[in-house]
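Please open the model in your viewer and keep the selection tool at hand. The tour below goes from one selection to the next and says what is to be found at each stop.

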Amino acid sequence: MKGLFIKDFLTLRRKYGPVRIAMDVLLIAVLMIAFGANGAIWVSFVLVPVEAMTMCMTLTNCDEQWKWQKYAFALPVSRAQIVRARYLTAGALAGIGFAASLAVNAAAALAFSAYPPVLHLLLAAASLWLTLFALALVLPAGLSRGANAGFAAMFAVILALLVLFGAAGFSAQAAGSALAFAARHVEVALVLAICAVAAACALSYGISVRLLRRARA
């Protein structure tokens, strides 16, 4: 299974070079310049989850193009291990996204001082939570039905996020209110968030294993 995990990151290194990283950094800079402290919200709640989902679906697309499935199922690993390796990759990508969000929020706190530092810390934590939740929604479709289904699920999640933000009049005030509530009830918010994302990821993993066995039987 370790080999499958390494294979995923070698694929991502081949597909996402310095140019893509430079584009992401430039986009972050544009968001911060255009929206000020609010740019950290867009980076945390939109850019990071979308990039993580895109990378996972890119892996699925590459697997299809390179006929990886035929080789993978001939290896001495179970289909549950194949799924587990992809979920570990997704978790690692979510962790990298959290680090990026944390860095952006730290920069926003230092540069703008519009909100208390604790709110920026909670923004980064919320970004990790949202990224894991989004990945839990899209991974089963990609693993069991291929890249097209995975990208369709990803676009559905992105659309849902945009509709949710638009309906709520997505703004610093809306995010600030939610994060302020979390700051006042840190223990309760933390327990609820961890339980919710853990349940979503466990359910997603179980569904992915079952669907993969049926799809490739």
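At what angle do α3 and α6 pack, and how far apart are their axes? Select these two helices in what is a predicted model, and you will find them packed at an angle of about 30°, with their axes 9 Å apart. Since angles under 35 degrees count as roughly parallel, α3 is therefore described as roughly parallel to α6. The crossing in which α3 passes α6 is right-handed. To see the contact itself, show the side chains of α3 that take part, including Ile 41, Phe 45, Val 48, Ala 52, Met 53 and Cys 56, together with those of α6, including Leu 123, Leu 130, Thr 131, Leu 135 and Val 138.

**The whole chain**

Now step back and colour the chain by secondary structure, which shows nine helices and zero strands. Of the 217 residues in the chain, 41% are buried. Among the contacts between residues at least 6 apart in sequence, 83% join residues at least 24 apart.

**The nonpolar cores**

Next, select Met 53, Cys 56, Leu 135, Val 138 and Leu 139, which are the residues with the most contacts inside the largest nonpolar core, a set of 31 residues. The elements that give two or more residues to this core are α3 (39-65), α5 (79-111), α6 (117-145), α7 (147-167) and α9 (186-215). Another core, of nine residues, lies apart from it and has among its members Val 43, Leu 47, Val 48 and Val 104. Centre the view on Leu 135 and, leaving out residues up to four places away in sequence, you will see that Leu 135 touches Ala 52, Met 53, Cys 56, Ala 90 and Ala 94.

Is Thr 131 buried or exposed? Thr 131 counts as buried, because its relative accessibility is 0%. Apart from its neighbours within four places in sequence, Thr 131 is in contact with Val 48, Pro 49, Ala 52 and Ala 94.

Then move to Trp 129, which is also found in helix α6. Trp 129 counts as partly exposed, because its relative accessibility is 32%. With residues up to four places away in sequence not counted, Trp 129 touches Ala 193, Ala 196 and Val 197. A distance to draw in the viewer runs from Trp 129 to Phe 98, which are 31 residues apart in sequence and 9.1 Å apart in space, C-alpha to C-alpha.

**Helix α1 and its partners**

For the last stop, select helix α1 (residues 2-15) together with α5, which pack at an angle of about 50° with their axes 8 Å apart. These two helices, α1 and α5, are therefore oblique to each other, and the crossing of α1 and α5 is right-handed. On the α1 side you can show residues including Leu 4, Phe 5, Phe 9 and Leu 12, which belong to the group that meets Ile 82, Ala 85, Leu 88 and Ile 96, among others, in α5.

Conventions: Residues are numbered from 1 along each chain as its sequence is written. This is a predicted model: local features need pLDDT of at least 70, side-chain atom pairs count only at pLDDT 80 or more; totals for chains, interfaces and linings use all residues. Side-chain values use heavy atoms; hydrogens and water are left out. A nonpolar core is a set of buried Ala, Val, Leu, Ile, Met, Phe, Trp, Tyr and Cys residues joined through side-chain atoms within 4.5 Å. Buried means under 20% relative accessible area, exposed over 50%, partly exposed in between (1.4 Å probe, protein chains only). Helices (H or I, at least four residues) and strands (E, at least two) are DSSP runs, numbered from the N terminus. Contact means heavy atoms within 4.5 Å. Axes are lines fitted to C-alpha atoms, for helices over the stretch in contact, and angles run from 0 to 180 degrees between N-to-C directions. Angles under 35 degrees count as roughly parallel, over 145 as roughly antiparallel, 65 to 115 as roughly perpendicular and the rest as oblique. A crossing is left-handed if the near helix is turned anticlockwise from the far one by less than a right angle, and right-handed if clockwise.
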